[in-house]
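Me: I want to go through this model label by label. For each one, I will ask what it rests on.

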Amino acid sequence: MATITRRMPLIIGVSQAVRRSSDVAREAPFIPLLVLTLLVFFAIFAPVIAPHSALDPVKPTREQCLAKYGMAACPYVDNVPPFWAHEGSVRTPLGTDFLGRDVLSRLMYGARISLVVALTGTLVAGVIGTLLGVLAGYLGRWWDQIIMRITDAWLTMPSLVFAILLSSVRGPGLWNIVVILALVFWSRYARVARGEVLTIRERDFVKLAEINGVRKLRIIFRHIVPNVINSVMVVFSLQVGVAVIIEASLSFLGVGVPPPEPSWGLMMAQERESLMEGKWWLAVFPGICITMLVLSANMLGDWLRVRLDPQLRNR
Amino acid sequence: MRKYILIRAVYSVVTLWLLVTIIFGLVRLTGDPVTMKAEAGADAAYIAQLRHNWGLDQPLYRQYTSYIGNLLLGDFGHSFGKSLPVKTIYLERLPNSLKLGFAAFVISLVLGIPLGMLSALRVNTWWDSVGKTIALLGLSMPGFFVGLVLIIVFGVQLHWLPVLGKGASAFIWSNPSTWVPFWFKDWSHLAMPAFALGWYFAGAMLRITRSGMLDVLDSDYIKLVRLKGVPEQVVIAKHALKNSMIPVLTLAGLNLLIMVNVAVVIEVIFNWPGVGQLLYDGLSNRDFPMVQGVVLMSGVMIVVLNFVIDVLYGYVDPRIRLSR
């Protein structure tokens, strides 16, 4: 009897752990994860799996040339429709754009741009914002006042308008957008992190560390930051989607990723003319890609938010 | 109450000053307003001339004091391309943006609030899933994609709606007879851009209505009303709805202003002559004073609105005004 009672907690603990991890696996949003994995896969292996170059026109087949120009020698064939249309071909499954470049290959390379820009931008913003928020919350007094007033002022600007202003002085460019995203989004993290720290710094383990004479810097990084990470992760996952849209919008307006790079937003902007001619597919495919990426990021973020905040379950 | 309003006012002024200073600083720290006007490899004398014209060759504190001084006088500088004060051009365009913003606002409310209520009342059912899906799609489909799809379907394929422009009606400040009809004409031009713009905010509205409603339905006084045997319709219409609308209306007010200011891409797609397009024109004409002016105005509008909301909150809820 005694042995059983002594073993019970261990058994219960193990079974709970097993059940909990299987719960996580079951509840995890499968489709968004699949979409994200697929996009990341395309982004990483774009040079290997993309059927054509993202920047150079696809060499036309002899038939395509004859059909379009009535002669055998032509530089490229633009605006080939997707494969299911009458003039489409399987060589360029999603058609070619106004310069005869393969849309599918450009979309694959475009995943690179969207993911890299959005992830690095939000990550840098997250690090800066979290640190400032933690400093404000932990040091309190004047630090808190100054940092939070600046954060508040920062938060009043609509992010797209703010991003446009910054891009107007920085000029187009991939890394410029990362800088801009970091500058625009840090304030959201600061808000959340500071709020969390206000309760954490009153907890016993922080007080005990202070009594033991641990240095402030060590308390911040050993005891406070690890406890803020959960909330920061939620903000991060929800911000990535917004960052993707901001990047696409900037590129759409011509102040984001410069041509000829295959940014999804830029692709949509460049095809506005052909849209009026009824060639809808050119603008729709990049749009679907953006939507899928943002949708998956948001669903994952929602799931994370609910998982990390028990009060929100069943909501 | 007077003290509360005073504190909020000081707070808003500080926020405004910080905002203006942040913009001043960031523009000079992260880049150079001249890069916008002069392409790479431009003549050095030309660049020096530009710097001089914009006062960028002066010491930083001088630039700052004259910048703040001009703003206090309501002077946002002169547009480079049109050689008119930025303020004049801005005011000319503002009614168009307001019209688009209002229409999008109405669409977001009409779509968001009923759907949000429905999914809160039928929580964890099929209705709820539909609501959640629409909310997610609203937040995930960029407005400009929605706009392009609308153009493809209703403009290019079906030819139901005009694709470009705002129609013939105009709002002219000097001519009061145009002030009223402007809002009620050319709805066919308004339909697509307003939907594309309102779409995103409908998702946000839906979410906040749903969670507000769930919170209220969970509260003690709703339980009490139900225990008293009040019919369910009355519980919802009279007791739950009113209380759940407070956060919704706050967000709605803010959203209206945000819609007026972030419609840039939508306005570009539909060639809608609002302030967003002004921002875009400023970008493509390399007109820095214009870009800065539009951005500053949107900041000012939002700070002022936040102040108004705070004061209204203070009126409505004594706990708020006594807590500070």
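Me: Which residues does B:Ala263 touch, not counting residues up to four places away in sequence?
Reply: B:Ala263 touches B:Ser97, B:Leu100, B:Leu197, B:Gly274 and B:Gly276. A contact here means that the C-beta atoms of two residues, placed from the backbone, lie within 7 Å. The model is predicted: local features need pLDDT of at least 70, side-chain atom pairs count only at pLDDT 80 or more, and totals for chains, interfaces and linings use all residues. Residues are numbered from 1 along each chain as its sequence is written, while chains are lettered from A and ligands numbered from 1 in the order in which they are written.

Me: Why is B:Ala263 called buried?
Reply: B:Ala263 has 29 C-beta neighbours inside 10 Å. A residue is buried if 20 or more other C-beta atoms lie within 10 Å of its own, exposed if 12 or fewer, and partly exposed in between, so 29 puts B:Ala263 in the buried class. B:Ala263 lies in the loop between helix H11 (232-261) and H12 of chain B. A helix is a DSSP run of H or I of at least four residues, a strand a run of E of at least two, and both are numbered from the N terminus.

Me: Where does chain A have a cis peptide bond?
Reply: The bond from A:Pro259 to A:Pro260 is cis, with omega near 10°. A:Pro260 is in the loop between H9 and helix H10 (264-270) of chain A.

Me: Why is helix H13 of chain B described as mostly covered?
Reply: H13(B), residues 275-284, has nine buried residues out of ten. Among them are B:Leu278, B:Leu279, B:Tyr280 and B:Asp281. The buried residues of H13(B) pack against H6 and helix H9 (216-253) of chain A, and also against helix H5 (86-121), helix H12 (264-269) and H14 of chain B. H13(B) is followed by B:Arg286, whose phi is positive, near 55°.

Me: Why are H6(A) and H14(B) called roughly antiparallel?
Reply: The axes of H6 (residues 159-170) of chain A and H14 (residues 288-316) of chain B cross at roughly 155° and come within 10 Å. Axes are lines fitted to C-alpha atoms, for helices over the stretch in contact, and angles run from 0 to 180 degrees between N-to-C directions. Angles under 35 degrees count as roughly parallel, over 145 as roughly antiparallel, 65 to 115 as roughly perpendicular and the rest as oblique. The two helices are therefore roughly antiparallel.

Me: Which residues meet where H6(A) and H14(B) come together?
Reply: A:Val161, A:Leu165 and A:Ser168 of H6(A) meet B:Phe288, B:Val291, B:Gln292, B:Val295 and B:Ser298 of H14(B). By class, this contact has five nonpolar, three polar and no charged residues. Ala, Val, Leu, Ile, Met, Phe, Trp, Tyr, Cys and Pro count as nonpolar, Asp, Glu, Lys and Arg as charged, and the others, Gly among them, as polar.

Me: How many residues does each chain bring to the contact between chains A and B?
Reply: Chain B brings 47 residues and chain A 42 residues. The chain B side divides into 34 nonpolar, twelve polar and one charged.

Me: At what angle do H4(A) and H12(A) pack?
Reply: H4 (residues 103-139) and H12 (residues 281-308) of chain A pack at about 35°, with axes 11 Å apart. The contact joins A:Val103, A:Leu107, A:Gly110 and A:Ser114 of H4(A) to A:Leu282, A:Phe285, A:Pro286, A:Cys289 and A:Leu293 of H12(A). Seven of these are nonpolar, two polar and none charged.

Me: What are the confidence values?
Reply: Chain B averages a pLDDT of 81, and 93% of its residues score at least 70; pLDDT is the predictor's confidence in each residue, from 0 to 100. The complex has an ipTM of 0.83 and a pTM of 0.84.
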